[in-house]
Amino acid sequence: PREDAGPTRRLVKRMQASRTLLVFVAVALVSTAFALEDGSPSKPKKSLKSQTPVNYLTNFLKPSKSEAAVDFGAFNIPGKAAWSIKAGSYFGLWYFFNIFYNVANKKALNALNLPWLQSLACVGVGIPYIALIWALGVRDTPKIDNKLLPSIIQQSSLHAAGNVGGNVAFGAGALGFAHVLKSCEPAFTAIFSGLINGKWQHPFVYATLIPIMGGVAYASASEVNFNMLQFVSAMVSNVAFSLRAVLGKKTMSDRSIREVSKLDGPNTFSVLQIGATLLTIPFVVAVEGWRTLVPWTHPSWKAAIGKLDHAGAMITESYLWKQLILSGLMFQLYYESAFLALDAVSPVTHSIGNNIKRVVIVITSVIIFGQKMSTQSMIGSSIAIAGVFLYAQVSEMYSNIAKRSK
């Protein structure tokens, strides 16, 4: 029986990979459909002139709210279709990198149970990539003066706290349920935005937070493996990331600051990654010991070698390095892809895409890690995610009403 286990295990892994690929393709198609929605404020303008295929491909990673038709000589791709292909690709990359990040992240957490090391990998592994794109001039190098530095340190601290809280939550229990808890983040953002900026939204907008909170509570009550550590860690992550978003928007709403500092979305995230790395290192040493910085000497690393993972694969040195590095790189790339998507579509479309992403992760965790959810948990999760979608729609509607009334 032991000899047959290997082929059987490999067959199961291939089936899991195939199903995951099908999920990714299906979601990429759905996300492209959202990008094509007629009501999008990103709908291309008909007045734009045509462009060459070379120009189109050269600027493929430069998102825009409109796109000129692409002239291939024998045929043309209409501007709307050209824009939709770009926007759909951004969503596809976002989901693709996010799936690989979550899988590699969970594998590393399962094998090592060192969430602080994993958090350091998430923020630190991408730094060589960041340095390279700045050195090559792919993106403008940010300019941070003494006036801006306190805000960057503040946001970096929140970025680090949110990242650590998320990884503790991901490692403490089922990955899918952790993402359900993380879906509450928009609710915290709405509340903090009112408290900090003094700009409260319409009562109906806050009413949409009820199904979000209620859905999470209902799903939480059904979790057999529910533990307070996962819940509290996810909530800490939500609070930290929400505050980071509100404070960051407040600082970067000044166009003159953005132009001088060169802190667009991807550059801001890259700066926060560097800041979070520097801030995370001391806590890694304090909580998990100095050996965590040289992980191959850590007892947890040595104890993991020779064991089998969830799919029956042998855990080796290369396995552990692969998961750590892959999770950190995918974390960097999925956030960058998310910023590309945000710059190409409306906030509501982006929010819809973000909710679909969470559904994909829940499905992926069930397929790959076998972390099943009860019927009550699935119902509660669906209510919570639908609530986030409703919040985005109602918030956008009243925002547009307010703009028209000015």
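Phe97 counts as buried because its relative accessibility is 15%, where buried means under 20% relative accessible area, exposed over 50% and partly exposed in between, with a 1.4 Å probe and protein chains only. The residue lies in helix H3 (residues 79-112), helices being DSSP runs of H or I with at least four residues, numbered from the N terminus. The model is predicted, and local features need pLDDT of at least 70, side-chain atom pairs count only at pLDDT 80 or more, and totals for chains, interfaces and linings use all residues. Residues are numbered from 1 along each chain as its sequence is written, and side-chain values use heavy atoms, with hydrogens and water left out.

When residues up to four places away in sequence are not counted, Phe97 touches Met330, Leu333, Tyr334 and Ser337, a contact being heavy atoms within 4.5 Å.

On the H13 side the contact involves Gly265, Pro266, Phe269, Ser270 and Gln273, which meet Phe331, Gln332, Tyr335, Glu336 and Phe339 in H15. The residues of this contact of H13 with H15 divide into five nonpolar, four polar and one charged, where Ala, Val, Leu, Ile, Met, Phe, Trp, Tyr, Cys and Pro count as nonpolar, Asp, Glu, Lys and Arg as charged, and the others, Gly among them, as polar.

H13 has a further partner in helix H4 (residues 115-124), and the axes of H4 and H13 come within 9 Å and cross at roughly 165°, so that H4 is roughly antiparallel to H13. Residues of H4 in the contact include Trp116, Leu117 and Leu120, while those of H13 include Gln273, Ile281 and Phe283. By class, the contact of H4 with H13 has 11 nonpolar, four polar and one charged residues.

Helix H17 (residues 375-405) has 31 residues and spans 45 Å from its first C-alpha to its last, close to the 45 Å expected at 1.5 Å a residue, the expected span being 1.5 Å times one less than the number of residues. Among the buried residues of H17 are Gly380, Ala384, Val388 and Tyr391.

Key. Helices (H or I, at least four residues) and strands (E, at least two) are DSSP runs, numbered from the N terminus. Axes are lines fitted to C-alpha atoms, for helices over the stretch in contact, and angles run from 0 to 180 degrees between N-to-C directions. Angles under 35 degrees count as roughly parallel, over 145 as roughly antiparallel, 65 to 115 as roughly perpendicular and the rest as oblique.
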